Amino acid sequence: MKAILILAGSYSSSFETEGIWKDTCLKNNIEFEMYDLSNHIGKELALKLDIKSFPVLIVNDNIVAVGHPDEQTAEKVIQSLVK
């Protein structure tokens with residue numbers, strides 16, 4: 001399983017969000033990638049999935065979370081995916 005985080009840009013809240021998702025994914029043995037809208041992969045995924053809100057976490061071409069989670073929320077989301 002691979003999780004992909006797409007960020008709107010380089011904002012201070014984005015760095016915190018990336019850290020939370022990355023740590024949670026790695027702790028649960030889920031591959032993690034991050035892109036923002038200045039990257040062609042990030043743009044392509046956003047267009048393909050018609051994403052309008054960021055940050056967004058995608059797993060298997062499905063949006064599984066939107067926004068800036070705290071550690072507990074991120075863990076709940078990831079645990080629901082691995083069960």
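Residues are numbered from 1 along each chain as its sequence is written, and side-chain values use heavy atoms, with hydrogens and water left out. In this predicted model, local features need pLDDT of at least 70 and side-chain atom pairs count only at pLDDT 80 or more, while totals for chains, interfaces and linings use all residues.

Helices and strands are DSSP runs, numbered from the N terminus (helices: H or I, at least four residues; strands: E, at least two). Two strands are taken to pair if DSSP finds at least two bridges between them. Strands of a sheet pair through backbone hydrogen bonds, either parallel or antiparallel. In this model, four strands form an open sheet with mixed pairing, and their order is β2-β1-β3-β4. The edges are held by β2 (31-36) and β4 (62-66); each has a single partner strand, so one side of each is left without a neighbour in the sheet. From one strand to the next, the twist averages 25 degrees; for such angles, axes are lines fitted to C-alpha atoms, for helices over the stretch in contact, and the values run from 0 to 180 degrees between N-to-C directions.

Strand β3 pairs with two strands, described here in turn. With β1 (residues 2-7), strand β3 (residues 56-59) forms four bridges in the antiparallel sense. In this pair, alanine 3 has valine 59 of β3 as its bridge partner. Strands β3 and β4 also run antiparallel and are joined by four bridges. Here the bridge partner of valine 59 is asparagine 62 in β4, and valine 56 stands opposite valine 66 of β4.

In a regular strand the side chains alternate between the two faces of the sheet. In β3, Val56 and Ile58 point one way and Leu57 and Val59 the other way, and all are buried. Buried means under 20% relative accessible area, exposed means over 50%, and partly exposed lies in between (1.4 Å probe, protein chains only).

Leucine 7 belongs to strand β1 and counts as buried because its relative accessibility is 4%. Contact means heavy atoms within 4.5 Å. Neighbours within four places in sequence aside, leucine 7 is in contact with residues including Met34, Tyr35, Phe54 and Pro55.

The peptide bond from phenylalanine 54 to proline 55 is cis, with omega near -5 degrees, and proline 55 is found in the loop between α2 (40-48) and β3. Asparagine 29, in the loop between α1 (12-27) and β2, is not a glycine but has a positive phi of about 55 degrees. Asparagine 29 is exposed, with a relative accessible area of 74%. In the hairpin of β3 and β4, two residues lie between the strands, and asparagine 60 takes a positive phi near 55 degrees. Asparagine 60 is also exposed, at a relative accessible area of 59%.

Threonine 17 has its place in helix α1 and is buried, with a relative accessible area of 2%. Leaving aside neighbours within four places in sequence, threonine 17 is in contact with Leu5, Pro55, Gly67, His68 and Pro69.

Helix α3 (residues 71-82) has 12 residues and reaches 17 Å from its first C-alpha to its last, close to the 16 Å expected at 1.5 Å a residue. The expected span is 1.5 Å times one less than the number of residues in the helix. Ala74, Glu75, Val77 and Ile78 of α3 are buried. These residues cover an arc of only 165 degrees around the axis, and therefore lie on the same side of α3; the arc is that of the directions from the helix axis to the C-beta atoms. An α-helix has 3.6 residues a turn, so residues three or four places apart point the same way. Gln72, Lys76 and Ser80 are exposed on the other side of α3.
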